[in-house]
Amino acid sequence: MLDCITLSLSIFPLVIFILSSLRSLLISSFPHRHPPWLLCRPASVLTLKMRMITFFLFGLTVHVVFFVSIFDIYFTSPLVHGMTPQVTPLAPPASRLVLVVGDGLRADSLFTLLPNGSSRAPYLRSVIEQRGTWGVSHTRVPTESRPGHVALIAGFYEDVSAVAKGWKENPVEFDSVFNESRHTWCWGSPDILPMFAKGASGDHVYTHTYPAQEEDFASTDASRLDSWVFTQVKSFFQSAKSNSSLRESLLEDKNVFFLHLLGIDTNGHAHRPMSQEYLENIALVDTGVAELVSIVEDFFGYDGRTAYVFTSDHGMTNWGSHGAGHPSETLTPLVVWGAGVQSAHRVTEPQPYNDGYLQDWKLEHLRRVDVNQGDIAPLMASLIGVPIPVNSVGLLPLLYLNNSEQFKAESMYANAIQVLEQFKVKMTQKKETTLSFLFTPYQLLTESKQAEFIHKARILIQLEKYGDAISLCRSLISHALEGLVYYHTYDRFFLGCSVVLGFVGWTSYVVLVILKTHASLDRHPSLLKQIPSHTLARLCMCVTAAITVFLLIQRSPVTYYIYCLLPVPVWYSVLKESGTLTDLIRSAPSLPLWKCFGYFLLVALGIELLVVSFFHRAMLTVGLAVLSLWPFLSGLYGKSKFRSVSWFLGCLCLAAFPLMPVVGREPNIHLVTCAGLLTLFTSACYLWSSRRRAPLHFSDRQQFVAQMLHVAVCAYVPSLTHSSLQQKQGLPLLNQIVSWTTLASSMLVPLLSSTRLFHRLLSIFLSLTATYLLLSTGSEALFPPVLSWLMFVWINIEQEAMLAQGVSGRQELSTIDFSANIDITKIRQLKLDDIRRSYFFVFFIITAFFGTGNIASINSFDPASVYCFLTVFNPFIMGGLMMWKVIIPFIIVMCTFETIQVATQLSSRSLFLIVLVISDLMALHFFFLVQDYGSWLDIGTSISHYVIVMSMTIFLMLLSVVTHIFTSQRLILWRRTKMHFP
């Protein structure tokens, strides 16, 4: 879910940069927004506006390319098409297959015995002990329903481009066991079944689904979803007895019956996997499977030609989520029995598993056969004699088969040729788009070695050396899979170098822009009239032509042109500003070099701390502890003891949140109520203490009272909702109305308040906190009040820092109005301390990201957070609400930064450029940390970190526009009596 949301942010950059450009253009319309040394004739002002717009559009292009590059380099589809289906030439052992998937079922939940020694799934336990083969199916990240079912039924691990469609549609068409079958009948969830029907060639896949509204986490009993499936299957076979055409279709071979049971997953989300509801649902499924087998065998006259597969798509954590790589999510049960399946095999020697589960489950006496989830598709195809799905990367688990050695060898040979076909197509595609003298084939599987493998395997089968043939085929599959990865990542280094070159060039250009337009350097008189070198322009044109010709010859995709050509204009812009470097060198003797070096060293260490905090949230605690000492180290404590102590305590209180567990927290609604009371208390204290310095208009006073009452209501609604759901009475309609109304009005209500600095900030705080309370289930509800307290202190203490720097003309905070124009004479140049302000901002933004959760991990967010709004499963709405919960602390920090820009008399563009450099350096760091080795969780995490930082850079531009409007604009719904402030 979260991956889909993160990717969806890539839609916004175009709007974001255009809005940023318009905002800068509007601000630049007032001459007083420019530094005094830039003031000149109107024509020069117009030129400056055009340069500003050009800069933002240039930045738009660069960041969009950098953002998209990671998807083109790492998230391209691994699927290829044009392969010939492979099938075993021998007769299959089964005529039909029944696949039952218990969505969200953990392996330990099924296999663990009850305290009295009995099983909660007695039928499946008897199958394991007497007439079937069992094991653990190891899933891969993301452990979600769609990727799990694709691995089970199609044999490959989800095409990553599916994240753009929320795992619900087919971004790339793929083959599946259902597609290769003669007929497939499916019953279950509307989220899963349609994608296999859409992906099938022809109309032989029939789906029967219940309405999506039935997937309600607040349901009195979600197991009714599974009861519905079993009832429908029973009715189906009953009606087939009197329907001759249906009966004729059912009696054909190569048929598949698929039962998708969502009740277990839904109960796990709603009540947790250790709940009575979840465990009783397992017992219901076991009873249903026993009855299903009886019905199927009776219909087909006990002909012994039916194979059964029972498994799960993913597991679930103890706190009711899934998506990541915890063993409780990746270990799922697999039980196979029936036609062509090896019966229970008793063992006396220790088995090659050291996880301790055999002893825990009391199954050490029965052979355990673990598989990767993608291996189940070849197994099902082999049992009923259909071609293995052409996109499958699964390895046929022979220990599940009860057939001749010849059948096993032929099946493994078909499996090997099927995987090799994918390799050959991939190799051909890459060979056709690479110059012959630059093409480097995969050495372990060249064309001659492919032919040698195939010939040798066929000879071994003909000589009836089936064991040797099977070993050779396994080796061929291993090499082919490695070769697929080799060719899939063939251009990765080349593209990565191009992106890094552009990255470094862009960051260098922004630094030069900061030095040129916002720093006090000794400037050469002809600097503003500098003419670009014609030699430099010609050189860049030649480089562009050479790159274009090279890519044309190789028939490279369009995106390759973008990644390779973008660094050219970027570095042209850098080299064109070489005069700024000359100015910097000329100004060096007058600069405090040791102080500059110290600042840059501290910022570099600070950036490293932020990078590490993505992996270890506790580093934010370390950072906040260090920041808490700033007033004491900088000498501010002697000038403002109260504010310094407040800063110290605020940092330490905020430092507690990154130490709290990200996942596994039990709901504590009492803390949500406490957060509401804390919000009301701090708001009342501020209004009481500031009644003389900043008097309120009567209508403003009414609004604040109304907002505080609203916060009180929102603090009570989660408690009421939680109680109602616990009693299985569903989500109260009134609670739902209050929640959605609060969400809809959260961005409008503050616009009705006064634009006086602290009055507007208080209104924003109350409005956003009300929404945050509705999205909270425990201690995270305290985060916005504590963060807001620290931000309030930051605004005040920056005033003291300005005074300590000797900046004249400091304005009293209580008299500042966001909507007022800034006096031209008060705009100042950048100082070294402004680097510290920008770093503080980036640090607090990262703290807002990871303070109460880990946005890089899908299962960091509890679905119960959105139960005040809806309980019916809807990934996009639920994901959107969780994303808004993440954004609320963002807005609080952004509004604070906007306030500091106004209070410290700086143009918003100057500080934002420093923030841009810091965030881009972090993004470059994460680009180097992206990996395509190790566990799937490590790979996914490394990619998501880069995406988050790039999204943050772009997203901050949107928020800068939103917060500017949020703080400076006011909606007038009725005329008010004019009031003059003292």
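**Note on aromatic contacts in the predicted model**

1. Trp361 has a relative accessible area of 1%, and this residue is therefore buried. The value, like the others in this note, comes from a predicted model. Phe111 likewise counts as buried, because its relative accessibility is 1% and the limit for that class is under 20%.

2. Across the whole structure, a search finds 54 aromatic pairs. One of them joins Phe111 and Trp361 in a tilted arrangement, with 5.0 Å from centre to centre and 50 degrees between the planes. Since Phe111 belongs to helix α4 (residues 107-111) and Trp361 to helix α14 (residues 357-361), the pair ties together parts that are 250 residues apart in sequence.

3. Trp506 and Tyr509 also form a tilted aromatic pair, for which the centres are 6.2 Å apart and the planes make an angle of 45 degrees. Both residues lie in helix α19 (residues 492-518), and because they are three residues apart there, about one helical turn separates Trp506 from Tyr509. Trp506 and Tyr509 are both buried.

4. Beyond these individual pairs, a cluster linked by ring pairs takes in Trp185, Trp187, Tyr206, Phe236, Phe237, Phe257, Phe299 and Phe300.

5. Which residue has its charged end over the ring of Tyr413? Arg458 does, and its charged end lies 4.7 Å from the centre of that ring. A lysine takes part in a further contact of this kind, in which the charged end of Lys641 sits over the ring of Tyr637, at 5.5 Å from the ring centre.

Conventions:
Residues numbered from 1 in each chain as written. Predicted model: local features only at pLDDT ≥ 70, side-chain atom pairs only at ≥ 80, totals over all residues. Heavy atoms only, no water. Phe/Tyr/Trp six-rings, centres within 6.5 Å; stacked < 30°, edge-to-face > 60°. Helix = DSSP H or I, 4+ residues; strand = E, 2+ residues; numbered from the N terminus. Buried < 20%, exposed > 50% of the residue type's maximum accessible area, 1.4 Å probe, protein only. Lys NZ or Arg CZ within 6 Å of the ring centre and 35° of its normal.
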